[in-house]
Amino acid sequence: MVDNLPPLKQITAGFDHTLFLSADGRAFACGWSGDGQTGQVSSNVVFSHFFGCILGVGHYGNVHCPKPVANLGEVQSLYTCADNSFALAASGEIYAWGNNEYGQLGVASTSPQLHTAARVNLSALDGCVVSVAPGGAFTTFLTDVGSVYYCGYGLGPEMSHVVKPASLSILRRLWNSSDGKIRALVASLHYAVATVDGTNWMLWGRFPGKRLVPSIHSYSSQHKFSVPGSSQVACGSTVITALFDESRAFPAPPI
């Protein structure tokens with residue numbers, strides 16, 4: 001039992017770290033922080049020096065108990081996948097820390113790892129960011145006008161390496177503006193999905209599914225599928241799970 005935290009309103013976890021958001025908007029983190037994904041320098045100096053020499057990641061290490069994430073003010077939401085972390089601040093700004101090998105944090109720094117939260121460059125975005133869907137080597141952003149942007153590597157037809165959030169052109173070919181505004185966006189390690197109505201979903205990236213969504217082995221692939229009556233989906237590395245209005249969860253599709 002974690003007993004050193006205030007009342008919480010959100011918990012989200014990556015590969016080896018966990019983020020906690022308190023009811024009053026404070027962010028905490030614990031776990032392995034070899035890429036800085038807990039947002040603080042480890043106090044275990046010997047451990048950090050040892051791994052820093054081998055991995056070249058500086059003074060990063062384990063955080064055994066939840067501690068406040070540095071360089072953040074009031075936070076509305078936290079997001080993570082794999083070894084990176086994002087925060088939507090009450091001010092509307094997005095902050096990121098952790099693995100940045102492919103530019104997936106979208107920050108000005110070119111460092112491959114960041115242990116301190118840095119502001120994401122949102123200057124090219126249309127509208128305000130309402131949610132973040134990070135993957136492994138990429139991150140996607142959804143704005144209040146329904147536009148989707150991404151940074152990092154391995155998502156989209158060009159397979160380009162983008163370090164400043166840019167418009168995801170693949171969605172314009174998958175979905176027409178007349179279909180409605182994209183209202184939800186989620187991602188896993190190698191793929192992302194979005195919807196305008198909670199029933200019709202579009203997937204792009206690499207996904208090893210079989211039934212509703214065929215196996216997709218190319219990161220530049222895309223596919224549409226339908227899950228009638230779904231109100232929310234969650235993405236795993238090999239499965240998509242849908243939550244229906246009846247509060248029943250079904251895998252869609254199983255592997």
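Okay, a definition to start: on a 1 Å grid over the protein atoms alone, a pocket is an open set of points with protein on both sides within 12 Å along at least five of seven lines, and a lining residue has an atom within 4 Å of a point. A volume is the space filled by probe spheres set on those points.

What we have here is a predicted model, where local features need pLDDT of at least 70, side-chain atom pairs need 80 or more, and totals for linings use all residues. Residues are numbered from 1 along each chain, and side-chain values use heavy atoms, without hydrogens or water.

So, the largest pocket: its volume is about 590 Å³. It has 27 lining residues, and those closest to the centre are Thr-80, Val-132, Val-186, Ala-187 and Cys-235. Which strand gives the most to this lining? That's E17, with five residues; strands here are DSSP runs of at least two residues, helices of at least four.

E5 (75-81) also supplies at least two lining residues, and E5 belongs to an open, antiparallel sheet of four strands, in the order E5-E6-E7-E8. E5 and E8 stand at the edges with a single partner strand each, so one side of each has no neighbour in the sheet. Strands pair if DSSP finds at least two bridges between them; E5 and E6 have six, with Ser-77 partnering Leu-88 in E6.

Last stop, Ser-33, in the loop between strand E3 and helix H1. Is Ser-33 buried or exposed? Buried, at 0% relative accessible area, where buried means under 20% and exposed over 50%, with a 1.4 Å probe. Its side chain makes a 2.9 Å polar contact with that of Thr-38 (N or O atoms within 3.5 Å, one able to donate a hydrogen and the other to accept it).

Note on methods
1 Å grid on protein atoms, 1.4 Å probe; cavity = no way out; pocket = protein on both sides within 12 Å on 5 of 7 lines; lining within 4 Å.
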